[in-house]
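Good morning, colleagues. Please turn to the model on the screen; I shall speak about its charged side chains.

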Amino acid sequence: MDRELLAQQLCALPIVQYEFFETSDLLFSDRVRHICRTECPQYGKSWACPPGVGTLEACRERCLRYPHALLITTMAETCDIADIAATLATRAPHEEVTHQVNALVRAQGAETYVLSTESCAICPQCAYPDAPCRHPDRMFPCVESHGILVTEIAERFGIDFQAGSNIVTWFSLILYR
């Protein structure tokens, strides 16, 4: 992987910050999964979310099969950060950037596993749990669905994610080998 070339390509995208690191630095916690279970309306409704993504241990093992990681962030302004619908409406441009970055990494011959912001919005109705995912090649599970403490990683690498009262920071992880 030519990180220098990739860094140049990343500068052409609307990425606020990024960081390369090793997946051994990832922290997994059932506390994140607890939030999914108790607070997220998508829990149990998508292949991109728990329990569809598998157990925390299965997610950890899947992630660690890829030794390298690239964390990217974008930011968007929303009219009211407390309005979850308005906040989620700002997510699509981040997902497009995530697809672009994944394509750049794959163009260098790397195999990737991508985690992003989605509880998956590709299909109007997810096939979960009655049938397999219709688009496993396009669906990026949510970072939190894998129990990853993404804000801890951001803090460790000096990535800003609190930019103001109505600014949302979106995270994606591109794991690669």
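Arg60 is partly exposed, its relative accessible area being 35%. In this predicted model, Arg60 makes a salt bridge with Glu57, and their closest N and O atoms lie 4.0 Å apart. Glu57 is likewise classed as partly exposed, at 41% relative accessibility. Both residues belong to helix H3, which covers residues 56-64; because they are three residues apart there, about one helical turn separates them.

How many salt bridges does the structure hold? The count is six. Let me take two others in turn.

In helix H6, residues 150-156, Glu152 and Arg156 are four residues apart, about one turn of the helix. They form a salt bridge whose closest N and O atoms are 2.7 Å apart. Arg156 has a relative accessible area of 36% and is partly exposed; Glu152, at 25% relative accessibility, falls into the partly exposed class too.

I come now to Glu22 and Arg3. Their salt bridge has its closest N and O atoms 3.5 Å apart. Which parts of the chain does the pair link? Distant ones: Glu22 sits in strand E1, residues 17-22, while Arg3 sits in helix H1, residues 3-10, and the two are 19 residues apart. As to accessibility, Glu22 is partly exposed with a relative accessible area of 30%, and Arg3 is partly exposed at 32%.

Note on methods
Residues numbered from 1 in each chain as written. Predicted model: local features only at pLDDT ≥ 70, side-chain atom pairs only at ≥ 80, totals over all residues. Heavy atoms only, no water. Salt bridge = Lys/Arg side-chain N within 4 Å of Asp/Glu carboxyl O. Buried < 20%, exposed > 50% of the residue type's maximum accessible area, 1.4 Å probe, protein only.
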